[in-house]
Amino acid sequence: MSLKRLTVAVLVSVCAFVANASAQKNELSGLVGRTLISDQTITASTVTDNKLRFGNGLSFEVNYARRVMSAGLFSVSLEVPFVINPDEDLHAALPNRVPESYKSYFVTPAGRLNLFPDLAISPWVSVGGGFGHFSESSNLLFGGSNTGKTGTTSGVFQAGGGLDVRFFRRFSLRGEVRDFWAAEPQTSVNTGNSRQHNLFASGGLVWHF
């Protein structure tokens with residue numbers, strides 16, 4: 001094949017790819033990762049180990065997004081990330097005081113800005129807000145029944161960023177980190193905080209359609 005024909009073929013392929021990508025305004029993604037929460041100091045605790053510790057709960061995200069604006073180098077999408085953490089373990093050196101675990105979910109509609117949205121690699125940032133819910137365990141750490149308050153609903157602010165890598169016409173791989181800033185669950189101890197950062201680091205697959 002001559003250089004001229006090869007050049008034309010490459011240009012036609014690129015144009016077809018960009019046109020096809022531009023027509024794909026919707027996304028559905030599924031991701032899996034871990035929710036990371038910093039240790040917190042229990043105020044007025046008299047024990048040597050005065051920390052409330054959180055496990056790195058295996059968490060899952062389902063996200064629908066629709067592109068609402070495209071300007072070549074960047075695009076803007078509206079997205080609805082839904083993240084669920086079905087088992088977040090708790091630990092504190094206080095017998096029969098702290099729930100052994102809790103469940104949580106966050107729903108935070110957001111705006112997302114992608115750079116180079118129609119190329120193979122597209123970094124992005126997301127900002128939004130919504131609500132979340134914590135369901136504390138009915139059992140206490142080290143035994144006993146949880147007689148404290150359970151069930152916490154909270155407003156949530158979400159900010160995050162990630163990278164999409166297109167590997168097939170309608171599919172991308174995604175790596176992301178999102179921070180869900182929400183109220184604290186009912187742990188029956190005082191940490192001096194009213195809110196906590198729930199850092200969700202994950203990876204998964206995006207379907208463009």
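The dialogue below goes through the fold, the salt bridges, the cavity and the surface of one predicted model.

Tutor: This is a predicted model, in which local features need pLDDT of at least 70 and side-chain atom pairs count only at pLDDT 80 or more, while totals for chains, interfaces and linings use all residues. Residues are numbered from 1 along each chain as its sequence is written, and side-chain values use heavy atoms, with hydrogens and water left out.

Student: What makes up the fold, counted in helices and strands?

Tutor: Helices (H or I, at least four residues) and strands (E, at least two) are DSSP runs, numbered from the N terminus, and on that basis the protein has one helix and 11 strands. From the N terminus on, the elements run α-β-β-β-β-β-β-β-β-β-β-β. If contact means heavy atoms within 4.5 Å, then among contacts between residues at least 6 apart in sequence, 67% join residues at least 24 apart.

Student: Why is the pairing of E27 with R112 called a salt bridge?

Tutor: Side chains of opposite charge can pair when their charged atoms come close. The term requires a side-chain nitrogen of Lys or Arg within 4 Å of a carboxyl oxygen of Asp or Glu; the closest N and O atoms of E27 and R112 are 2.9 Å apart, so the pair meets the definition. E27 belongs to strand β1 and R112 to strand β7, 85 residues apart, and the pair thus links distant parts of the chain.

Student: How do you know whether E27 and R112 are buried or exposed?

Tutor: Buried means under 20% relative accessible area, exposed over 50%, and partly exposed in between, with a 1.4 Å probe and protein chains only. E27 has 10% and is therefore buried, and R112, with 1%, is buried as well.

Student: What makes E61 and R178 a salt bridge, and where do the two residues lie?

Tutor: E61 lies in strand β4 and R178 in strand β10 (residues 171-183), so the pair ties together parts that are 117 residues apart in sequence. E61 counts as buried at 2% relative accessibility, and R178 does so at 0%. The count of salt bridges comes to 10, and E27, E61, E79, R112, D164, R174, E176 and R178 are linked in a network of them.

Student: What makes a space in this model a cavity, and how many are there?

Tutor: On a 1 Å grid over the protein atoms alone, a cavity is a set of points where a 1.4 Å probe fits but cannot get out, and lining residues have an atom within 4 Å of a point. There is one cavity of 30 Å³ or more, and the largest cavity has a volume of about 150 Å³, a volume being the space filled by probe spheres set on the points, which are joined across faces, edges and corners. Of the 17 lining residues, the closest to the centre are E27, R67, N114, P117 and H208.

Student: Why is W207 called partly exposed?

Tutor: W207 has a relative accessible area of 36%, so it is partly exposed. W207 is placed in strand β11 (residues 195-208), and is one of the residues making a nonpolar surface patch of about 820 Å². The most is given to this patch by β4, with four residues.

Methods
Patches are made of residues with over 30% relative accessible area and no salt bridge: like charges are joined within 9 Å, nonpolar side chains (Val, Leu, Ile, Met, Phe, Trp, Tyr) within 5 Å. Accessible areas come from the Shrake-Rupley method with a 1.4 Å probe; for residues, only the protein chains shown count as cover. On a 1 Å grid over the protein atoms alone, a cavity is a set of points where a 1.4 Å probe fits but cannot get out, and a pocket is an open set with protein on both sides within 12 Å along at least five of seven lines; lining residues have an atom within 4 Å of a point.
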